[in-house]
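The report below is written to be read with the sequence and the coordinates side by side.

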Amino acid sequence: MNATPAAVSATHDPAAFTADEMMTACAARALHDGMTCFVGIGLPSAAANLARATHAPNLVLIYESGTIGAKPDRLPLSIGDGILAETADAVVSVPEIFNYWLQPGRIGIGFLGAAQIDKFGNINTTVVGPDYARPAVRLPGAGGAPEIAASCREVIVVVRQSRRSFVDRVDFVTSVGFGDGPGSRERLGLAGAGPRKVITDLGILEPDPATCELTLTGLYPGVTVADAAAKTGWQLAVSDSLEVLEPPTAAELTALRQLHSRSQ
Amino acid sequence: MAEIVSLADAVARAVHDGDSVAMEGFTHLIPFAAGREVIRQRRRDLTLIRMTPDVLYDQLIGAGCASRLIFSWGGNPGVGSLHRFRDAVENAWPGPLQLEEHSHAGMANRYVAGASGVPFAILRGYSGTGLEGLPGLDGQPAIRSVTCPFTGERLTAVAALNPDVAIIHAQRADRAGNVQLWGITGVQKEAVLSAQRSIATVEEIVDELRPEPGAVVLPSWVVDYVAAAPGGAQPSYALGYSARDNDYYQAWDAISRDRERFSRWLADEVDGETGSLAGAGAAEGGCGA
């Protein structure tokens with residue numbers, strides 16, 4: 001998940017950055033000061049901590065280990081690193097974090113990764129292949145994600161884009177995005193609004209308000225619609241107001257690299 | 001009252017072939033020393049239960065201790081796959097592993113129900129996911145629904161977990177066998193209270209338990225065996241005693257990826273004298289403690 005320092009140092013251009021750094025900065029910008037954010041490990045954690053180190057110092061980070069308001073100065077390797085408990089406003093048990101804090105809809109943003117995601121933002125982290133009992137690849141499984149996807153008021157997904165990860169239908173629905181399309185979340189009784197943004201290493205997709213289908217709304221500098229379409233396993237819809245996203249600022253890059261370097 | 005015994009005695013007396021065994025510890029206070037002792041005593045046909053069967057259960061599964069696994073997230077945190085777990089599921093090596101799979105919220109609530117002495121727990125969860133349709137170990141649906149008798153709302157129901165044995169690691173116990181843990185306390189209290197028998201390994205046994213902020217205390221009379229196992233959470237950590245050995249988790253990826261390399265690790269682990277955190281670390285150029 002780390003940025004590749006070799007690629008960065010190989011160039012003498014101080015404005016150079018990796019796709020992971022662009023993606024992390026982009027995800028961090030989706031978080032606003034004072035929000036509450038349920039954070040998964042890896043890129044979501046890097047983005048949330050970058051936001052806290054830059055424009056959102058009062059972002060409340062909540063990890064499923066039960067640490068509420070964690071303020072790490074480096075990136076934890078696991079959701080239960082000691083730095084999270086030591087810097088948290090409160091540390092609660094695992095049943096409590098899910099029952100009292102997540103389930104009633106108290107948490108604003110859920111930040112998820114995915115092995116596969118489909119055009120309705122449904123996420124698979126369970127198995128690759130059509131047969132659950134004989135998986136081609138056994139993935140880690142659900143963890144906290146199904147209820148994060150259901151109960152956080154909104155969800156942001158961070159995932160690298162490829163034909164393998166962006167599929168027409170996920171092999172297994174671990175966490176529900178928009179189900180089969182409009183009305184699914186309501187029928188299922190899911191309290192949260194579902195995915196608001198899917199941030200990839202190419203750009204941003206957002207659900208179309210009418211069809212709930214993930215639609216390309218932003219591209220990183222130098223990336224084309226054709227690039228994104230080639231790495232999407234369905235007919236990619238493109239927004240009329242497609243924007244070119246700002247590259248990471250020097251401040252963002254410095255803060256992110258400091259977080260990574262303190263984590264070594 | 002808990003008996004204070006050696007770890008080897010605790011495992012010999014509490015854990016039997018065919019048992020359901022819950023070793024809990026949510027990234028913190030993972031009972032690794034107890035897990036290695038279960039491997040050394042060559043327990044077989046276990047139903048392993050754990051929210052996050054990380055490196056701990058990768059070792060037990062690879063060692064052939066488990067026939068069944070009840071879990072909610074099976075990865076190496078921050079690193080990637082659990083290769084022994086995957087090899088068991090994908091290729092039935094060293095034997096088939098039957099799965100019963102949940103979400104964290106579902107597992108946590110199953111322990112709460114088990115600890116509470118009620119047959120099931122309710123939650124808002126699983127709706128619309130593929131997990132809803134999966135069978136439990138008994139072949140019956142593991143995730144069902146229940147109608148609220150007050151409002152008529154449909155809610156998700158999951159069965160109580162009542163393991164034969166729960167094993168946890170804690171910072172301290174006193175000489176009467178009262179057990180104290182703090183920091184991230186996960187689901188350990190619920191695991192112990194849901195189980196028929198329990199073992200707590202501890203960093204140290206002290207004359208008197210000092211109060212600690214946010215501490216969970218398990219009174220001696222709900223714990224069966226207490227065993228001193230200093231460093232027994234490594235490569236996870238015990239807040240106030242040790243740091244998480246992140247390098248070990250990275251090193252485990254390479255050790256576990258290859259059956260032969262894993263088997264060499266296991267031979268050292270089972271037959272070696274001093275444990276193998278040092279052994280695994282040495283193989284990776286000093287990644288151990």
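Predicted model: local features only at pLDDT ≥ 70, side-chain atom pairs only at ≥ 80, totals over all residues.

Chain A comes to nine helices and 14 strands, while chain B has nine helices and 15 strands. For chain B the radius of gyration is 19 Å, close to the 19 Å that the globule rule gives for its 289 residues, so the chain is as compact as a globular protein of that length. For chain A, the 264 residues would give a compact globule a radius of gyration near 18 Å, and the value of 18 Å found for the chain agrees with this. The table sets out further values for each chain.

| Chain | Box of C-alpha atoms along the principal axes | Buried residues | Contacts joining residues at least 24 apart, among those at least 6 apart in sequence |
|---|---|---|---|
| Chain A | roughly 45 × 40 × 35 Å | 54% of 264 residues | 66% |

## The contact between the chains

The contact takes 42 residues from chain A and 43 residues from chain B. On the side of chain A that touches chain B, the elements that give two or more residues are α4 (82–87), α5 (94–102), α6 (145–151) and α7 of chain A. Among these, α6(A) provides the largest share, with four residues. By residue type, this side of chain A divides into 19 nonpolar, 19 polar and four charged residues.

## The largest nonpolar core

In soluble globular proteins, nonpolar side chains tend to be buried together. Here the largest nonpolar core has 171 residues, and the members that touch the most other members are A:C37, A:F38, A:I62, A:V157, A:V158, B:L60 and B:A200. Helix α5 (residues 104–116) of chain B gives the most to this core, with seven residues. Which residues does B:A200 contact, leaving aside its neighbours within four places in sequence? With those neighbours set aside, B:A200 is in contact with B:I168, B:A170, B:A173, B:V179, B:L218, B:V223 and B:V226.

Helix α9 of chain A covers residues 250–262, and its 13 residues reach 18 Å from the first C-alpha to the last, close to the 18 Å expected at 1.5 Å a residue. The buried residues of α9(A) are A:E252, A:L253, A:A255, A:L256 and A:L259. Seen down the axis of α9(A), these buried residues fall within an arc of 165 degrees, so they line one face of the helix. An α-helix has 3.6 residues a turn, so residues three or four places apart point the same way. The face of α9(A) turned away from the buried side carries the exposed residues A:A250, A:A251, A:S261 and A:R262. What covers the buried residues of α9(A) includes α2 (19–29) and α3 (43–53) of chain A.

Helix α2(A) is itself mostly covered, with nine of its eleven residues buried. Those buried residues are A:E21, A:M22, A:M23, A:T24, A:A25, A:C26, A:A27, A:A28 and A:R29, a list that takes in A:E21 and A:R29 along with residues such as A:M22 and A:M23. They pack against α3, β10, β11 (195–199), β12 (203–207) and α9 of chain A.

## Two loop residues

In chain A, A:P182 is found in the loop between β10 (154–158) and α7 (184–188). Is A:P182 buried or partly exposed? A:P182 counts as partly exposed because it has 16 C-beta neighbours inside 10 Å, whereas a buried residue would need 20 or more. Apart from its neighbours within four places in sequence, A:P182 is in contact with A:T211 and A:C212. A:P182 and A:C212 are 30 residues apart in sequence, and their C-alpha atoms are 5.9 Å apart in space.

In chain B, B:S242 is found in the loop between β15 (225–228) and α7 (246–257). With 19 other C-beta atoms within 10 Å, B:S242 is partly exposed. Leaving aside its neighbours within four places in sequence, B:S242 is in contact with B:G231, B:A233, B:Q234 and B:Y237. The C-alpha atoms of B:S242 and B:A115 are separated by 29 Å, and the two residues are 127 residues apart along the chain.

Notes
Residues numbered from 1 in each chain as written. Chains lettered and ligands numbered in written order. Core = buried A, V, L, I, M, F, W, Y, C linked by C-beta atoms within 7 Å. Buried ≥ 20, exposed ≤ 12 C-beta atoms within 10 Å, placed from the backbone. Contact = placed C-beta atoms within 7 Å. Rg over C-alpha atoms; globule rule 2.2 N^0.38 Å. Nonpolar A, V, L, I, M, F, W, Y, C, P; charged D, E, K, R; others polar. Expected span 1.5 Å × (residues − 1). Arc of directions from axis to C-beta.
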